[in-house]
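Dear colleague,

I am handing over the structure below, followed by notes on what was found in it. Please read the notes alongside the model itself.

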Amino acid sequence: MTAHEFRALLQRAISGDNSAIELILLMYMPIINRYSVIDGKFDDDCRQYILMHISLNLRKFVI
């Protein structure tokens with residue numbers, strides 16, 4: 001994905017396009033999963049919290 005394509009995707013996500021938000025979350029899922037490990041164990045609740053936090057606050061992002 002080029003920088004221009006990512007910027008367009010991000011703009012769509014910021015404007016509330018759920019499919020764009022989903023694509024961004026899928027793109028960053030490896031990083032989200034890595035930060036969802038607590039005490040050496042994967043924590044699904046932590047991952048859900050991260051996903052929710054990103055989804056709810058993405059609209060505050062300014063390009």
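H4 is exposed, because its relative accessible area is 66% (over 50% counts as exposed, under 20% as buried and anything in between as partly exposed, with a 1.4 Å probe and protein chains only). H4 has its place in helix α1, helices being DSSP runs of H or I with at least four residues and strands runs of E with at least two, numbered from the N terminus. Between H4 and D44 there are 40 residues in sequence and 33 Å in space, taken C-alpha to C-alpha.

Please keep in mind that this is a predicted model, in which local features need pLDDT of at least 70 and side-chain atom pairs count only at pLDDT 80 or more, while totals for chains, interfaces and linings use all residues. Residues are numbered from 1 along each chain as its sequence is written, and side-chain values use heavy atoms, with hydrogens and water left out.

The structure holds one aromatic pair, formed by F6 and Y28 in an edge-to-face arrangement, with 6.5 Å centre to centre and 65° between the planes. Here, rings of Phe, Tyr and Trp (its six-membered ring) pair if their centres lie within 6.5 Å, and planes under 30 degrees apart count as stacked, over 60 as edge-to-face and the rest as tilted. The pair links distant parts of the chain, since F6 lies in helix α1 and Y28 in the loop between α2 and α3, 22 residues apart. F6 counts as partly exposed because its relative accessibility is 23%, and Y28 counts as partly exposed because its value is 35%.

Both F6 and Y28 are also among the residues that line the largest pocket, which include I32 and N57. A pocket, on a 1 Å grid over the protein atoms alone, is an open set of points where a 1.4 Å probe fits, with protein on both sides within 12 Å along at least five of seven lines, and lining residues have an atom within 4 Å of a point. About 220 Å³ of space lies in this pocket, a volume being the space filled by probe spheres set on the points, which are joined across faces, edges and corners. At least two lining residues come from each of α1 (3–14), α2 (18–27), α3 (29–34) and α4 (44–57).

Leaving aside neighbours within four places in sequence, I32 is in contact (heavy atoms within 4.5 Å) with L25, R47, I50, L51 and I54.

Best regards
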